[in-house]
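Dear colleague,

I am passing on the structure we spoke about, and I would be glad if you could look through it before reading my notes.

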Amino acid sequence: MKRIYDERNLIFSRARLKKGTKAYIAYYNKHPRLKSADDDIRGMNINEKLRQSETFKSLFFPIHGSTKTLFKALHDAVDQAPLGKRVDVPAHFKKNIKAITKHYGAKDVGVVKLHDSHYYSHFGGTNTLLNLDNYGQAITSSYTHAIVYLIPMDLEHMNRAPNYEEQLETENAYLNIAYIGSRLALYLKSLGYKSTLQSETYYLTPLVPLALDAGLGEIGMTNHIVHPKYGNRIRLGAVLTNLALPADQPIDFGLEAFCKRCALCVMNCPSRSITPYPRIVNGRRFYKFDDVSCFKLWKNTGTDCGTCIQSCPFTQGIDPETIKNMQKDPRIIDDVIKDYLAKNGRRKYRKTPLDIVALEDET
Ligand code: SF4
Ligand code: SF4
């Protein structure tokens, strides 16, 4: 299969294009139907319209700003580390690599044998944190395997989505993912295997197809990976490497049937961006999604929302035995949803802010 993913098609890349530039003209000559909607969200600053005081913004926004240098430091540490003298990794040790990834902090790990079709064809210029000016550059890397891993995001924070707690937790998770991946990549390089970190600022491959192939979950109507234990409240990372490892297989815990009876993310999405209509991309089932209306909602509320992550019943936790049983008897899905609705209403939203965002008024 050829490379059909192109990072330039991501909303984050399109929104960055500056009107009138060569890149802008070339992109919209090729994709004229996207131009007018994209022009509406161009150059947006996500937090600008956050409904909080200027004092709040001046005290809280540096939480994100101050970690940016850390992302770069982690990526630079991996890139600049020399390759060690090649150590042969015996077959019986290879399963330890997953355990080591967990030792570094991952909660679930899978391995994918990479094909050309896993890669993006071109960079979309989204990795500005690394000071790379690579928009439009063809991606030529050819690592053989990906170690794909995840961490869950804290439920108390996520249940306050779309408020600021959600964004704090998302930021935390991105950094922790980068930390785990950098340790793993440094370890593999020290064993003499070329390795690179995929997280937050720098991607050679989209992560959702990788996580699907690594058996970390299935794709839900949100187009995120839904993990059987943590649901949607996960962040993904991957280390691409030339160390050959046994590959995992995709899993099927009955999500497609569950989504068909659930659609809670569709109902809860404030911008109506999620749809129940499947579409096949590169042989994998995704759902039709309006990325512009989602992004516009972020812009208008000043947060990155996350309501869809929070409203998934798997995010709130479903007993593993029940998950097993509902595969044999899909009527159990209706009971799970009925129970969820009785306990939480349409979603388990927590209105009371967490202490971390409290701002005492000194006047
Ligand atoms: S982040 Fe919010 S607006 Fe975007 S798809 Fe999810 S629920 Fe909808
Ligand atoms: S909220 Fe329901 S429909 Fe949406 S991803 Fe989760 S299980 Fe599927």
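This is a predicted model: local features need pLDDT of at least 70, side-chain atom pairs count only at pLDDT 80 or more; totals for chains, interfaces and linings use all residues.

Residues are numbered from 1 along each chain as its sequence is written, and chains are lettered from A and ligands numbered from 1 in the order in which they are written.

To begin with ligand 2, its shell (residues whose C-beta atom, placed from the backbone, lies within 6 Å) has 14 residues, of which G220, C259, C262, C265 and C312 come nearest. Two or more residues each come from α10 (255–262), α11 (264–268) and α14 (313–316), with α10 giving the largest share, 3 residues; helices here are DSSP runs of H or I with at least four residues, strands are runs of E with at least two, and both are numbered from the N terminus. Ligand 2 lies between domain 1 (60–241) and domain 2 (255–357), because both give residues to its shell; the domain bounds come from an automatic or database domain assignment.

Around ligand 1 the shell includes C269, C294, C305 and C308, as well as P270 and G306, and α12 (291–301) and α13 (307–310) each supply at least two of its residues.

β3 runs antiparallel to β6 (residues 234–241), to which 4 bridges join it (strands pair if DSSP finds at least two bridges between them), and L197 stands opposite V239 in β6.

Finally, the backbone: most residues other than glycine have a negative phi, and most peptide bonds are trans. A cis peptide bond, with omega about 10 degrees, joins A161 and P162, and P162 lies in the loop between α7 (155–158) and α8 (164–190). N223, although not a glycine, has a positive phi of about 70 degrees, and R272, also not a glycine, has one of about 55 degrees. N223 is buried, with 20 other C-beta atoms within 10 Å, whereas R272 counts as exposed, with 12 C-beta neighbours inside 10 Å.

With best wishes
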